Amino acid sequence: MTSTQTTVIAAHRPRSLRDAWVALAGLSAVFLVEMLDNSILNVALPTIGRELHASTTALQWVTGAYAVVFGGLMLAFGAIADRFGRRRIMLVGLALLAVASLATAFVSNVEQLIAVRVAMGVAAAMTTPGSLALSFRLFEDDELRVRATTLISTVGLVGLAVGPTAGGFVLAIAPWQVLLLVNVPIAVLALVGVRLGIAADVAAELHRDPIDVAGAVLGTATIVLALVAPTLFVNEGARAWSAWATTAAAVVTAVLFYLRERSARYPLLDPKLVAHPLVSSGLAFKAAAGLATAGLGYLVTLQLQLDWGWSPALAAIGMLPQVVVLVAGGALIGPFVRRVGLGRAAWISAAAVVLGLAVYGSLNRFGYLWVAVALVLVAAGMRVVGVVAGVNVLRGLPENRTTIGAALTDTATEVTSAAGIAITGTLLALIFTGPITTPNWTTHQTTQFHQATTTAALTLTALAATLVAYGIIRTRGTAARG
């Protein structure tokens, strides 16, 4: 891009959030769909199972098919968007989302519902990374970028927080299909906001390198296998050959993908770009947060209900400290970043995630107070690192690679979240004897559960701490420190 083109593009960028309110409303709606979808559908799974006569495995794929397709295709669509237009791919994805959600009204069996969920996963892969990339490209100033990303993520987190409750109320008065049909008006709102609020793609901000088809296939296969393997470990046990075979296949395809990207003339994801300190450190911090948040949420849910005997409603109240921090903590991100800088904000918040996990692993058996402290620390850290690390990754990439950068940060979170649950579930299965959902545990089983939760939490702490340490080392001596 020439200096003249850069000056012209910068001159047309909004100078405040208010100037870009139409675009931000549309991009917030995009993120809202993803977060709402993640939380609201789980409430309806028992109802869906009864009405569609679905097996337990089929119900798992109602949610799993979306997650696997979404995670697997993000990198490929990120690369496509950087070549053919971020706004264009976003609009196509939103149209597909609206059509796929509308098709829910005509579903008559679980196979059809899984097909709808696959289509929605494709749409999410086309749109979700674009919400970060387009908000980043809207503004020239880093502070405005942080504020815009904070606003978008806050809207999404509100959807994540209210989704289960709203879904429960809807199911009391309406059929389960309504929970997915609600995506239609939100997708239309997002489409209008993006269409009217974001300027058409500028050729100078894109690139025309040929698409690395082999790299896209290998990258997608790697991520899909990496997302399926944890489910197999949790459902079939640590000794299941299918889980280990899938893991081995994921490792092989990951190696092949790396070798392909190193040798390709026009790689899907240039390893040299990923090695940039801002990019590699941001991905490490995001991965640590994903690992910790998923693992801690899984452990706390089991402890409150199975170990302490809390009802589901009381357990939901017990998770409120995390929800409150995730939703309300957005107001503190801007002042915190201004005070310490983007780089320091990233590693401090990632370190808070590690500290929260360590508190839980060491002190959870001594009462709910320590569980609440752990939830607050992890949520606060994740809330900041989710915004700041993502912005840092995009800062470290060329302007014509921002969408695949956003896809890369989302993929890192998806894969490590699955890994966090898999590690936790596998250790529980290895240490705890008998079905974990059996009521009236023996004293020995209670001791085993405490040992398992401590082992799992401290294992995740060590892994997350390693990622954070790597990220800090990568940023040492660079401008990323603020």
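Five salt bridges are present in this structure, each a side-chain nitrogen of Lys or Arg within 4 Å of a carboxyl oxygen of Asp or Glu. The model is predicted: local features need pLDDT of at least 70, side-chain atom pairs pLDDT 80 or more, while totals for chains, interfaces and linings use all residues. Numbering starts from 1 along each chain as its sequence is written, and side-chain values use heavy atoms, without hydrogens or water.

Select D142 and R145. Their side chains form a salt bridge, 3.0 Å from N to O. Both lie in helix α6 (residues 142-173), about one helical turn apart because they are 3 residues apart. Helices here are DSSP runs (H or I, at least four residues), numbered from the N terminus.

Next, select α18 (residues 402-431) and α19 (residues 443-475). Their axes come within 9 Å and cross at roughly 150°. Axes are lines fitted to C-alpha atoms over the stretch in contact, with angles from 0 to 180 degrees between N-to-C directions. Show the contact residues (heavy atoms within 4.5 Å). On α18, they include G420, I423 and L427; on α19, F449, A452 and L463 are among them. Colour by class: the contact has 9 nonpolar, 6 polar and no charged residues. Gly counts as polar here, Ala as nonpolar.

Finally, go to V251 in helix α10 (residues 241-263).

How values were computed: Helices (H or I, at least four residues) and strands (E, at least two) are DSSP runs, numbered from the N terminus.
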